[in-house]
Structures are given as structure tokens and as C-alpha cells.
Amino acid sequence: MPANVRQQVNGKTSQPRTTTTGRTSPTSQTLKDRKQGVNAANQQVTPADTTDPGPVSDEEIIREGAERAQRREQQEKRQRTFGYSLFNDPAMERTFEPNLNIATPRNYVVGPGDQLNIQMYGYSEIDFSQTVSSEGNVYFGQSTGVGPVSVAGLTIEQAKARIIGRLTKRFAGLRSSAYGPQNTFLEVSLGGTIRSIRVTVTGDAVRPGTYTLSSLATVMNAIYQAGGPNDIGSYRRVQLIRNNKVAATLDLYDYLLSGIQRNDLRLQDNDNIRFTTFLEKVEITGTVKRANIFEMLPGETLDRLLFYAGGFAAQAYKNRLKVTRLTDREVKVIDVTTPEFKTFEIQDGDLVTVSRLLERFENQITIEGAVFRPGQYSLDKNRTLKELITNAEGLKGDAFTGRITIVRTREDLAIENLSVNLANILAGNEPDVPLQREDQVIVPSRFDQVEQATISVQGEVNAPETDIPYIANMTLNDVLLRTGGLKESAAASMVEVVRRKKDADPRSPTAQIAETFRFNVDRDLSIGADANKNFILQPFDQIIVRRSPNYAIQTYAYVAGEVIMPGSYPIRSKDQKVSDLVTQAGGLTSQAYVEGATLVRPVKLSADELKRKQKAIEEVADNTTKTIVETEVVTPNVAEAIGINLKKILAKPGSSEDILLQEGDTLRIPKLLETVRIQGEVQLPNTVKFREGETFQDYISQTGGFTSKSQRRRAFIIYANGSVDRTRKFMFFNVYPRVEPGSEIVIPKRATSPLTAQQILSSTVGIAGSLLTLVTTLILLTRVSN
């Protein structure tokens with residue numbers, strides 16, 4: 001079988017067909033490229049060769065790139081062609097398959113291989129169903145006395161009539177006669193097996209060749225199988241050639257635009273479908289509903305092209321279209337107005353451009369500000385300023401009519417400002433102002449001309465507010481009520497109103513610049529003195545509610561560890577101390593280790609304090625050149641351990657050792673400790689049991705002793721209560737601190753740094769000089785003795 005023949009079973013080809021989906025919007029191109037695209041032949045893209053082509057020259061790379069760009073451009077042109085998606089959308093594939101489940105068409109032409117259901121019923125009932133022979137005959141057996149009946153080339157109706165005519169000789173009841181009325185009937189229809197036919201597609205098709213189709217297939221089924229027209233094929237003149245004559249001509253635009261399948265005849269064996277070459281192609285771009293390349297028939301006008309494009313879009317400028325036409329020598333532009341749309345004939349290669357409307361209103365004016373209905377209005381019914389004010393439902397009560405503004409756009413698009421006295425116009429003292437398109441009328445409000453007045457409330461109120469809008473006749477009681485009333489901590493007898501002075505003498509050094517009013521406000525927000533009962537506030541008054549000097553929020557301190565009743569306890573007086581807290585907790589237990597007691601105090605720093613502290617540390621670090629300053633990260637909330645001597649505090653309550661309590665203080669009294677921890681530069685850092693009477697050196701011995709890098713003179717002890725004691729020097733001896741339960745012995749490491757070359761040279765010179773001096777001295781002594 002030839003390579004271009006596609007075998008089809010039940011309307012489906014046995015070879016896959018490459019399709020592309022979607023429609024690509026038009027792209028800009030030169031006039032030369034557009035003319036080439038309109039008249040170019042079909043370009044078939046071959047698969048890339050997978051064999052190694054060897055070295056590739058620069059010319060070949062450039063040529064291949066140009067070819068790929070040309071193929072891509074041609075593909076884009078195909079996608080812009082109207083009707084391309086009809087034959088390149090996989091979703092449309094089943095649309096063009098013949099329906100095999102329909103009733104037998106009366107005009108179906110019978111041929112060899114068709115299965116005919118021939119049913120006789122009535123007085124005589126016989127099933128003559130059979131397949132038409134290769135000679136085109138059907139047979140009814142010897143008992144009927146009817147020979148072969150030729151049905152090939154006949155329609156179903158014609159075949160039925162011929163069969164009845166032949167069977168009437170044997171079955172007289174098939175027709176009314178002198179013997180009686182008709183009492184036997186015959187039905188002829190197609191059976192389950194539909195024969196196949198061969199159809200040839202020629203001309204400018206995407207895949208010309210011979211196709212095997214179902215005998216129920218129509219011209220559209222074959223067109224789809226052939227992929228439709230190629231780049232130069234016509235959508236408007238597809239011919240069905242039968243018996244060497246043009247039996248029908250299809251215009252695919254009828255189906256694409258209206259859904260009508262005119263001249264879509266049923267195919268017969270050996271039919272030929274020929275795709276002719278297009279005569280004219282025109283591209284339309286811009287604001288139309290379908291911006292594509294359309295095929296036009298000779299004599300069709302611009303009005304018809306607009307119909308193919310779906311008409312203008314809503315934003316299109318419809319009064320004038322621009323047509324770019326290719327002449328024999330150059331290019332020209334033609335302006336076509338609306339009356340010429342029906343008479344202006346389109347030519348091959350024309351480019352029709354539809355512009356957009358201008359972003360400008362031809363009769364719009366705007367009013368805004370102190371009117372009841374601001375917005376856009378038509379100039380046609382608002383020719384003057386007074387008419388516009390009336391149609392905007394008039395002015396609001398706050399309108400400032402002494403001077404309104406009209407912002408006008410002149411013909412040269414410059415903006416100018418017109419000031420109008422609206423009060424005089426409304427009173428008839430000045431003539432009305434005629435308006436122009438795009439005028440913007442602004443009616444200001446009197447409130448826009450004054451500073452927005454506010455009232456400020458701060459201090460001991462439930463909802464302090466600094467920007468309360470001022471209202472005329474607003475009283476002190478009204479504002480206090482708005483802020484939620486007074487807090488419990490408020491000093492109700494010291495509510496102050498601070499008022500600015502507007503007439504201060506600028507030449508007086510002692511001029512009063514503010515005035516203060518003080519009120520005694522009850523808890524129900526009533527003012528005690530009758531004269532001030534309804535004190536009226538003025539704009540920008542500031543109300544200050546101070547805190548009562550004898551009001552204090554209850555604070556607590558905490559006790560944890562070895563006391564009778566650990567927990568939180570109130571600080572009952574300002575002079576309450578640590579000893580009082582121990583007493584409140586019921587005293588110490590028998591397991592309490594008094595020497596290890598610590599006091600933890602929370603420290604809260606404000607943002608300003610944090611900033612100043614960090615700045616001070618940075619300044620110290622910058623000024624330090626020979627030492628390193630290491631500090632902790634500064635945080636707003638930190639708990640600090642305060643070293644206390646609880647043993648002395650309890651021995652003498654109220655003494656200088658007894659610290660005053662603050663809110664959040666926590667007194668921690670540990671259980672009796674029995675260990676000592678040794679770490680740092682010792683042979684084996686360890687934690688050992690505390691033994692009464694053992695010295696510092698005894699505990700060091702239990703870890704194996706000092707190392708070669710131990711800095712004994714810097715050794716120190718951290719006690720259980722957080723205090724620290726260091727090693728002291730007495731003459732040539734180290735006096736180590738005493739060891740207590742829970743202590744931590746720390747032996748620092750000696751810091752050694754390598755000598756520089758200069759230091760080594762200096763030491764060598766010094767030693768050599770000393771040796772030389774010693775030798776010289778010995779020689780002199782020897783001579784003196786001699």
C-alpha cells in the first residue's frame with residue numbers, strides 16, 4: 001500500500017495525526033513577510049536526524065537558525081488563519097466521525113459488500129437478509145423463482161422498489177391487484193456491517209492521498225482526515241469531483257460562521273476531493289472580535305470582512321479604518337470611512353487595522369465637594385454652572401460659596417483654574433458661567449477652611465485619647481464619659497484643664513502662654529462646685545487626670561526553698577525587709593542552708609535606659625586600647641542575683657545587711673549542701689564531698705593537683721549564695737579562701753602568647769651583654785688578686 005494511503009475502520013484512521021491546539025494571537029510583521037506568508041507554499045517540517053552529523057560550521061548554524069525562525073513564523077501564521085483550529089484541535093476529532101447508529105439514509109447508494117436487511121412480513125413472512133455480492137447482486141433462492149437482482153449503484157429506495165418488482169411475480173400480496181388488496185410488505189435497510197469506500201484527496205491539502213472511509217462518510221469527514229487546507233489551500237472552494245465532474249463545491253466558512261454544512265454530500269467509492277488554491281487572504285487586526293487572517297472571494301467588500309471578524313469590539317473606533325495595501329512597486333495606506341465599507345473591495349495581502357476609541361469623554365463634566373450628589377454629569381443637559389448645581393440636588397449647608405473653583409482643560413490640553421463667586425451668581429448679581437467639556441467644578445466646604453480642632457485627655461482615665469474631635473458646647477463631663485470614666489487610681493480632686501492663650505503679649509518676658517483650670521470631680525463624673533458644673537471646653541483643650549499620691553497597687557515577694565511555708569507574700573509596708581519575709585514564711589526548716597541563700601530581683605529597663613546603657617558600653621569599648629571589655633547582651637527584662645548574708649540578717653534583723661524588698665523579689669533558701677565542685681586547670685575536675693576542716697589545698701589534691709598551666713594566684717571560689725572570694729598574696733605565699741558547702745573552686749588557665757622576633761632578639765642581646773659583663777668582671781678580679 002502506498003505511504004500516503006490511510007486505512008480507516010469505522011471512520012478512524014489507523015495512523016496517528018499530529019495536531020496543535022489553541023489559537024495564537026496575531027503578531028506584528030513586516031509587509032514583505034506578510035506577502036510571503038500569504039503566497040508561501042506548504043512547508044513540511046521533517047524530524048531531526050539523530051545520527052552524528054560531524055563538525056558543524058558557523059554558516060550551517062546560522063542557516064539552521066534562520067530555517068527554524070522561518071518555520072516558527074509560518075506556524076504562527078497558520079495559527080492566525082481563520083479555521084486553522086478546526087482541523088488541529090484533538091477535541092474536534094470525534095466531531096467529524098460518521099455516525100454508524102443512524103437510521104438508513106433513503107439516499108444511501110448501495111454497493112458490493114453492504115449487508116442488507118430484507119424483511120418480508122404480513123401474509124407472508126420471510127427473512128431475505130444478505131450481503132450484496134461483488135457483482136452488486138442479491139439472491140432470493142430457487143424456490144422464489146426470482147433470479148439475481150442487481151442493486152449496486154441504486155439508493156435504498158430504488159433498491160427496495162426493484163426488489164418488490166421482482167418478488168411480485170412470486171408474492172402477489174406485495175401489491176394491490178385484482179386478486180385483492182396488498183397484504184404483504186417489504187422493508188430494506190442496512191445491516192450491521194458497513195462497507196468501506198476509497199476516496200482520494202488532492203490539491204493543496206495538508207495530507208493529500210487516498211483514504212479508506214466508511215460508506216456513511218461525508219465530504220467533511222474526508223476533509224478532516226486530510227488535515228484541511230495547507231498554507232496555500234482554500235477554505236472557500238473545496239470541490240467534490242465525481243465521475244470526472246464537479247458534483248459540489250464546499251465553502252468551509254459556512255460551517256465555521258453559521259454551522260451550516262451546505263453541499264456536504266455523502267461520499268461514494270472513487271470520489272475525489274480537491275483543495276483549490278486560495279485567491280485572496282487578508283489580515284485584520286485591532287479592536288475586532290476575531291483578529292485573524294481571512295480568505296476572501298473576489299469581489300467581497302470590507303463590510304464582509306468585518307462580518308467574518310465578528311464585527312467591531314466595544315472599544316473600536318468605527319468611523320474610519322486603515323487599509324495597508326501592497327502595490328506592484330510599493331506600499332500605500334488607504335483610509336476607508338463608514339459609508340464606504342459596503343463598496344470597498346478587498347485585495348490579496350491587505351492589512352486592515354481597527355483603532356481604539358480615544359480615552360476622552362466628549363460631553364462629560366464633573367462636580368465634587370459640598371453638593372448632595374457629586375459625580376459625573378452630561379454637558380448636554382448642564383450647559384451652565386447653575387444648571388449643574390440644580391441637577392446635583394443643590395448645595396450642602398457647609399458649602400463655601402464665596403469662592404468656588406472650575407478646573408478647565410483647554411484645547412491645547414493645558415489646565416487652567418477659574419475662580420467664581422457662586423453666591424453672587426445664585427443671587428443674580430453676576431452672570432451665569434457657561435461650562436465646557438471635561439470641566440471640573442469644586443465646591444469647597446467651610447470645614448475645609450479651618451484647622452481640625454481636637455481635645456486631648458491623658459492620665460488616669462480608662463481610655464486615654466489625644467485626638468477627640470471637638471464639638472461645640474462640649475463639656476468636661478462629656479469628655480470624661482467618652483474616655484470611660486476615672487480609674488481607681490485617679491486623683492479626682494486634681495483634674496486639670498490646660499488651655500492655650502491666643503492673645504499673649506510677644507514683648508512681655510513674663511507673658512502667660514497657657515491657662516489652667518482645676519476641678520474636683522466625683523466618681524459619678526459630676527463636678528463639685530456649682531459654678532463649674534457645666535464647664536464648656538474650647539478647641540485644643542488638654543485634660544490631665546493625675547494619679548493619687550497615696551495610691552499603691554499591691555505588690556508581692558516570693559520565698560522558695562527551706563522555709564516552713566514557701567510561696568508569695570504581700571509587701572505590707574515600704575520598709576519591709578528580707579527578715580520580715582522569712583518571718584512571714586514561718587521561719588527556716590532544720591535542713592535550711594542559710595549561707596547559700598540568694599535574693600533574685602527582676603530588673604526592667606525602659607527603651608531610653610537600654611539605649612543609654614548600650615551607648616555607654618560602646619563608648620568604653622571604643623576608648624579601651626590595651627584591655628578587652630566583655631559584657632552581657634543588654635536586654636529590657638533580666639533577673640539579677642543579689643549576694644546576701646542571710647545568717648547575719650537573721651542574727652540582727654533591721655541591720656545594714658537586711659535589704660528592703662521590692663516587687664517580684666524571690667528569696668531562695670537551699671537545702672543543706674554537702675558537695676564542693678572543682679573545675680578549671682586541675683588534673684581531673686570533679687565534684688567531691690564537703691568535709692569539715694579540709695583546706696583549699698586538700699580539695700585540689702583530691703583532683704590530682706594543679707596542672708603546668710594553672711594560674712594559682714588567680715584562683716577563686718564561688719559560694720552557694722553567689723558571692724565570690726579570691727586568692728590573696730602575702731609576701732611570697734598564696735592565701736587561699738576558705739571552702740564552704742556548695743562552693744565551686746575555679747582555677748584559671750595561664751594565658752601565654754608566643755614571643756615575636758623582636759622580643760627574641762632583644763632577649764638574646766640582653767643575655768649576651770650580661771655574660772660579657774660577667775666575664776669582664778672575673779678577669780678584672782683575677783688581675784687585682786695577682
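Select M731 to begin: this residue lies in the loop between β38 (728–730) and β39 (733–735), strands being DSSP runs of E of at least two residues and helices runs of H or I of at least four, numbered from the N terminus. The model is predicted, so that local features need pLDDT of at least 70 and side-chain atom pairs count only at pLDDT 80 or more, while totals for chains, interfaces and linings use all residues. Residues are numbered from 1 along each chain as its sequence is written, and side-chain values use heavy atoms, with hydrogens and water left out.

M731 counts as exposed because its relative accessibility is 60%; exposed means over 50% relative accessible area, buried under 20%, and partly exposed in between (1.4 Å probe, protein chains only).

Next, display the open sheet of five strands in the order β35-β34-β40-β36-β37, which has mixed pairing. Its edge strands, each pairing on one side only, are β35 (686–689) and β37 (724–726). Two strands pair if DSSP finds at least two bridges between them. Within this sheet, β36 (residues 716–718) and β40 (residues 744–747) run antiparallel and are joined by three bridges; select F716 to find its bridge partner V746 in β40.

Move to the other open five-strand sheet, ordered β20-β19-β23-β21-β22, also with mixed pairing. Here β20 (375–378) and β22 (415–420) are the edge strands, each pairing on one side only. Strands β19 (residues 364–369) and β23 (residues 440–443) run parallel, with four bridges between them. Select T366 and look across to Q440 in β23, which stands opposite.

Q239 faces T249 of β12 as its opposite residue. Two residues separate the strands, and N243 in the turn has a positive phi of about 55 degrees.

Is M296 buried or exposed? This residue of strand β15 (residues 293–296) is buried, with a relative accessible area of 1%. Its C-alpha atom is separated by 9.6 Å from that of S234, 62 residues apart along the chain. Not counting residues up to four places away in sequence, M296 touches R236, E280, V282, T301, L305, Y308 and I346, where contact means heavy atoms within 4.5 Å.

Follow that list to T301, in the loop between β15 and α6 (302–308). T301 is buried as well, at 16% relative accessible area. Beyond its neighbours within four places in sequence, its contacts include M296, F341, K342 and T343.

Finally, show the whole chain, which has 14 helices and 40 strands. Buried residues make up 37% of its 786 residues.
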